[in-house]
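Work through the exercises below with the model in view. Try each task before you read its solution.

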Amino acid sequence: MTGISKEKTVKTTCPYCGVGCGVLATVREDGSVGIAGDPDHPANYGRLCSKGSALGETLSLEDRLLYPEIGGKRSDWDGALTLVAEKFSAAIREHGPDSVAFYVSGQILTEDYYVANKLMKGFIGSANIDTNSRLCMASSVAGHRRAFGSDTVAGAYEDLETCDLLVLVGSNLAWCHPVLFQRVEAAKANNPNMRVVVVDPRETATCAIADLHLALKPDTDVALFNGLLGFLSETEALDRTYIEAHTNGFEDAIQAAGACEINRISGETGLTPHDLATFYTMVARTEKTVTLYSQGVNQSVVGTDKVNAIINTHLATGRIGKPGMGPFSATGQPNAMGGREVGGLANMLAAHMAIENPDHRALVQSFWQSPTIASKQGLKAVDLFNATRNGKIKALWIMATNPVDSLPDADGVAEALEICPFVVVSDVTRAADTVAYADVLLPAAAWGEKDGTVTNSERRISRQKKFLDLPGDTRPDWWQLADVARRMGFEDAFHYDGPAAIFREHAALSNAGNNGSRDFDISALKDISPAAFDDLEPIQWPQPGTSVSNGETRFFAKGGFFRSDGKANFIAVSHKEPRKRERRYPLVLNTGRVRDHWHTMTRTGKTPRSSSHIAEPYAELHPDDAREAGIAAADLVEVKSPHGSAVVRAQITGRAQKGSVFVPMHWTDQVSSKGRIDAVVAPETDPVSGQPGSKFTPVAIRKLEFGWHGFAVLRNKPDQLETGYWAIAPTEGGWRVEMAGNSETDLEHHAARLLPEDAEFLRFEDVTTGALRIAGWTGADLAGAFFFGPDPVGVSRPWACGLLTAETATKDQRFRVLAGRPPADLPDKGAIVCSCFQVGSSEIAVEAARGATTVKAIGACLKAGTNCGSCRSEIQTLLDAVAKETREDADIAQAS
Ligand SMILES: Nc1nc2c(c(=O)[nH]1)N[C@H]1C(S)=C(S)[C@@H](COP(=O)(O)OP(=O)(O)OC[C@H]3O[C@@H](n4cnc5c(=O)[nH]c(N)nc54)[C@H](O)[C@@H]3O)O[C@H]1N2
Ligand SMILES: Nc1nc2c(c(=O)[nH]1)N[C@H]1C(S)=C(S)[C@@H](COP(=O)(O)OP(=O)(O)OC[C@H]3O[C@@H](n4cnc5c(=O)[nH]c(N)nc54)[C@H](O)[C@@H]3O)O[C@H]1N2
Ligand code: SF4
Ligand SMILES: [Mo]
């Protein structure tokens, strides 16, 4: 024994959301990985949310793609990449450069992205490279470019803390940017004058810190913000000097917005005149206002107009680029911003240059020394897959995205991939629905195994670093792309010895011909050595010149917009009535995220911790809509549009808006029988940005009748779940499965099929209620327990899941399993709220009733909310509900 620990800690960046938190990853001697927030990282100062904290549990090699495959058979890199190069080259030869395409992702690193874009736009000579950022940031990009002449996020995170009014539009910050939310929460606690307004049709966890929640009708944000512009003008809250000096088009925008007629706006938005007046007055009176927006704005057929309606109000008040002021687009993916820097969208060039600008094209081509340069926009995601479906795309390379689950009209996307003659998929897992459509599968290096940079929402570039060896034959994405490029005959331009070399080239391109004409400039990093690249501290751009500076990086406080006259444009936008709903599809389907899952769950779906908060796909329904459709809580419902259908659990709640249904986007065919909600979403897009309106699809709902319902916990993962409905998730010690089926099912046979052959059974049947419970043991260990009934079964999920790790060897203990409920001395936890310490809603309610009335007090007695803090807003909501009940009880007592 030397006594020296072999543990090493690496500073890296979280691979999930656009907050871009710094992570300290420690590889322990037993190979496990400890995860902690980096106290020095300016995005999070040591904090991590529930997803970030659980990262160490997502690194197992289960389901990992480890070797290249051709036609489902193991191959090697030489065979696979030769085939990819040949097929792409052949298609280009026979059908031209526009017959091939890349569909990439805001989750690859800047270096990966740079190489992909360079290969397609400079060497293949097509702009048919689009990215899942089309589904995410495209409307922001388009709105920024229309207003500023460049795709610039002007402000910084600090502004969210130093403002006096934070308006969150279409953002569930508490669940989707939890560390930013915590920073806001802390700032608000320190500044009694700070106000938060949430603009969202649903009441979300974010509303826990809201002083005002504006539950507007879906897709009426333009009416709301146009009304605000009118109000600002009528109340002389404008900054005439700024408008005069730095903008064009104000009069047209005001004209289009119309007068601030509160009653008309109330009709359009469904908000009360009182709430509208309150909001407008708040904004008019508060100089330090930040409007942060996310997918409720971007993912709309009027998304770009929404963005510009918001930006107009900031230009009109000169509240932009100054501390505590500005419009702020919160980016979703870890490298949404890096993708924009390299020009990964089909309508952009590299380094924030414009594909329609001949000077920019010449500049990029000469910098790349490339044989050609794409001269027109390529196909945007939805159009790209339509073209694929129509046979126009002959070879398609999909990288780090799962379009069979995440694009609208997802069944149509699956069909397109079936039709496409040659599909390449680079992924880290085989448990992704898109993988099934690949002719060639390329195993990518995952987070922790690769090196490069990402840029977060506030333009801060951080390093993602390698702390694990490459498993199997996996390789980073840039390596795969560069190798294919060389095999396609572009030997000279794709010789990189590592990510640092690519980053230097990217930085040098940002400098080329720039001279202050473009916002994206990181010249100071263009000669960075590999060692300095390794140690690169998080750094905000712009960084022009020859050395890195820590000076002001905000844009536009004094104008300086990236147009020839240096001025910004107001954009005249007007409210359009949202899509008409037919009688057959009377509800609006809204889709989005839950706290502990990431997109199509290929990573968070692997951990019991991330699955304990919400383990099943669900639809949030307003009580009136549920009643009208004859749907009760926990019923299984079909959500249907002309494009497809999904089956999910009904959750009836006053937090939903009447006429709207919210379904999370996360469930796939890997984990549910029919939870893929994008099969239902309409492929309608914003005419300016091409971004789909993923938050607005007219749908119908109906209750599905099943002969039986059930819940099971199983030690081993079942191969196949052949019942009408199922949803599976990992839990400590095994798996948890929700199911339902038709009355013909022989339930005992069904249960037996899912348990080991040598299991020893016990059963209990209650003829009066129709409940049937079956459990099986192998030796002392519970192999599985089933709780069946004619209706959705109310068995406590946390208790049942706990059985897999509990002692159930004695006869007594076994009968307790069959009793189907916790013993009296072990009360039910209720739904898990705190995933770090597995604390449930009932436990919190009990402590609240005993006098723990603050989030802090709950933390002191139950530990809930004291680790990552992601559940604090839900704890607050529960406490508010308990307080309200107590008040009502007191009122009743007083009245009687
Ligand atoms: N837990 C978790 N966090 C994530 C992700 C994840 O998968 N899981 N993904 C990341 C990514 S890529 C992204 S893009 C971000 C997304 O972050 P957000 O945009 O905050 O998340 P969403 O849930 O998609 O949508 C936000 C809200 O828009 C509301 N909305 C719907 N229609 C309208 C409307 O017409 N107007 C307004 N004002 N609001 C509306 C919805 O009700 C929803 O609450 O999250 C990032 N963070
Ligand atoms: N209905 C509806 N649909 C939506 C949305 C919505 O709100 N509603 N939101 C949209 C938005 S904003 C987004 S960003 C998209 C996200 O949608 P997707 O991008 O489709 O979702 P992910 O699950 O993140 O897919 C990433 C894939 O890359 C793989 N992967 C992970 N790391 C690597 C790597 O380093 N290299 C490679 N090659 N692969 C890797 C993962 O295993 C996974 O299969 O969904 C969009 N779709
Ligand atoms: S907020 Fe959470 S998911 Fe987002 S970067 Fe930070 S730790 Fe990761
Ligand atoms: Mo996103």
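**Exercise 1.** Is aspartate 38 buried or exposed?

*Solution.* Aspartate 38 has 5% relative accessibility, so it counts as buried. Buried means under 20% relative accessible area, exposed over 50%, partly exposed in between (1.4 Å probe, protein chains only).

This is a predicted model: local features need pLDDT of at least 70, side-chain atom pairs count only at 80 or more, and totals for chains, interfaces and linings use all residues. Residues are numbered from 1 along each chain as its sequence is written, chains are lettered from A and ligands numbered from 1 in written order, and side-chain values use heavy atoms, without hydrogens and water.

**Exercise 2.** Which side chain meets that of aspartate 38 in a salt bridge?

*Solution.* Step one: the partner is lysine 11, at 3.6 Å, N to O. A salt bridge is a side-chain nitrogen of Lys or Arg within 4 Å of a carboxyl oxygen of Asp or Glu. Step two: lysine 11 has 35% relative accessibility, so it counts as partly exposed.

**Exercise 3.** Find the salt-bridge partner of lysine 576 and describe both residues.

*Solution.* Step one: the side chain of lysine 576 meets that of aspartate 305 (3.1 Å, N to O). Step two: the two residues are 271 residues apart and link distant parts of the chain. Step three: lysine 576 is partly exposed at 47% relative accessibility, and aspartate 305 is buried at 13%.

**Exercise 4.** How many salt bridges does the structure hold?

*Solution.* The structure holds 53. One of the networks of shared partners joins Asp78, Asp483, Arg486 and Arg487.

Definitions and conventions. Helix = DSSP H or I, 4+ residues; strand = E, 2+ residues; numbered from the N terminus.
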